[in-house]
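Subject: Structure for your review

Dear colleague,

Please find below the structure that I am handing over to you.

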Amino acid sequence: MANVELIHVTKKYGETAAVSDLSLSIAQGELVALLGPSGCGKTTTLQMLAGFTELTSGDILVNGKSIKNVPPHKRNIGVVFQSYALFPHLSVFDNVAFGLRMRNMNQVDIGAKVKRALDNVQLSALEDRYPKQMSGGQQQRVALARALVIEPEVLLLDEPLSNLDANLREQMRFEIREIQKRVGITTVFVTHDQSEAMAVADRLVVMSNGGIRQVGTARDIYQSPIDLFVTQFIGHANILNGKVLSSQNNITQVQLSTGDVVQMHNQHGFDANQPVVLALRPELLTITHQPVFGNNQLQGEIDRVNYLGDKINIGLNIDGMKLTAVIQSNQVNLSIGNTAFINWPVTDGVLFLDRA
Amino acid sequence: MITTTVQRWLGAFALLVCIFSVSPVLVIVLESFTATDYITFPPQGYSFKWYLEFAKRSEFIDSAIVSLVVALVSCLISTLIGTLVAIAIDRKTFFGKSFIQALFMSPLSLPGLIFGLALLQFLAGNGLPRNIYTLTIAHIVLTTPFAIRFISVSMLGIDPNVEKAAKSLGANGLRTFWHVTLPLIRPGIAASLVFIFILSFDEVAASLFISSPNAMTLPVRIFVYIDQNYDPLVTSVSSLLVLAAAIALSIIEKTVGMGRLFGLK
């Protein structure tokens, strides 16, 4: 088990930087998800951790020791690939035993360790199978067992779930999380799927353009995104354009593009006349037929109602501005064409400067 | 969906192709049993005299040995070079890579006769002998492009992450190659060995120029012989070659299986 430290890590291909000046520390036993759209540098970062890609500058420490110049086969880092990358010519047993054989372990110990590793992923009955005789989920577990059996200091997971179908993906999320906790191994999980990252990770690292945008727990990032990019990447948000009317004593008045004026508390660093965007999560909105005192509210017309079982997803039109609200099914009786009030507390929502 | 009628027509067509390719061979084999002193079809009278004649002609046996040795050595060395070049081209990036690639493929672009003539000029101009060594080198140069192609195709079928996985599990470059890459390109290596052996054994055009009385391949010997004689000796030699090929193929089929050898199963 180990803690990992990335220090000003930079990777350049010619003039373009795939990763620039990335610093991050990962605690022992922690599961960190590197999250971002494709091309954000998350995979390059993982490749550098594994040793498949050299750093242009910066350093990577594992337990305080630099591994920058250690070749991949001496790093003792387990990797699970998106394609699983099982050895097609070897049986499940031999796939899992591979790393132990490379360590010149004796046959008896190898047998025992492979058994335990396969038990760990509930595949001990299939040790004689070949990879192509197995389903995607099973191959995924073999890949996990193969990476864990060498008792690596760090585990790297590169989009491990994206080749699985939706149901299995959800199940494997929790399975991976459970195994990771049981083994207690420091893990870096690369994904472009925010719900996957939120479900699995202790901390999320949101990346874009080769750098870190925000680091925090799923709750931190969802509730207090640092900028518009993070807001829109993690979950859904209604984005309302407007400008600041006044900002003092912890209260900011914003005039929306529709002309409505709303109030926001605890938003700092804004001055009058600045163009801003207001981000509102759909589930923060409530819908009523009558105005509610003390809340922000906008009057509009319901133009879409999608029943989703546990929730209802509602589309609203406020003088041409479209909003989405997600409400509990039992709240109010609403139908298309109704006029309604959209309410949210003045403490909810996040305000950003509009740089566009 | 392929209907039964279409299937039948396809079957008939396949049969026709088989007959078309096998019948000339069959004609040669039948002719070799003729009792006449000239080649004729259908053969007249039956005898083994042209096989006995072959046993007496040591130059044909010598040539068969030359051909075997040249084919064996060149299929081994070409496949070795081909494997190394294919790995370098597919897995590494280095300065002048496309130039190297083009260089290794260039023998394919020359007709065999031109290549043979050029080689003859080169050997004569530099006072080098025409013997079994230079003959073998010529065959290696001619067949290496095919080896590179065969191995490259198998390399393309390997997920590069498989090699990375091996490294992350503690295998250095050599052990990764030995335990992962090599087993996965084995079908390509087998195909390369078999195909290049046949290619080298059959080669006439270039060998014609660089064969010499002390090192002449069997196809060249047959070619030179029928240029001057028209007796059925060449048919008995050819029939023995067909027999040898049939035996070799059936041994491969029985032991390894053709499908497995070429990675089809």
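Predicted model: local features only at pLDDT ≥ 70, side-chain atom pairs only at ≥ 80, totals over all residues.

Domains

Chain A is divided into two parts: domain 1 covers 4–233 and domain 2 covers 238–353. Taken over C-alpha atoms, the centres of domain 1 and domain 2 of chain A are separated by 39 Å. Four residues from domain 1 of chain A and four residues from domain 2 of chain A make up the contact. On the side of domain 1 of chain A that touches domain 2 of chain A, two residues are nonpolar, one is polar and one is charged.

Strand β8 of chain A spans residues 186–191 and is mostly covered, with six of its six residues buried. Thr186(A), Val188(A) and Val190(A) point one way from β8(A), while Thr187(A), Phe189(A) and Thr191(A) point the other way. The residues of both groups are buried.

β8(A) pairs in the parallel sense with strand β3 (residues 31–35) of chain A over five bridges. In that pairing, Val188(A) of β8(A) has Val32(A) opposite. Strand β7 (residues 154–158) of chain A also pairs with β8(A) in the parallel sense, over five bridges. Here Leu157(A) has Phe189(A) in β8(A) as its bridge partner. From β7(A), the chain passes through helix α5 (residues 166–183) of chain A to reach β8(A), in a right-handed β-α-β crossover.

With kind regards

Key
Residues numbered from 1 in each chain as written. Chains lettered and ligands numbered in written order. Buried ≥ 20, exposed ≤ 12 C-beta atoms within 10 Å, placed from the backbone. Helix = DSSP H or I, 4+ residues; strand = E, 2+ residues; numbered from the N terminus. Pairing = 2+ DSSP bridges. Right-handed = clockwise from strand over helix to strand, strands pointing away. Domains from an automatic or database assignment. Contact = placed C-beta atoms within 7 Å. Nonpolar A, V, L, I, M, F, W, Y, C, P; charged D, E, K, R; others polar.
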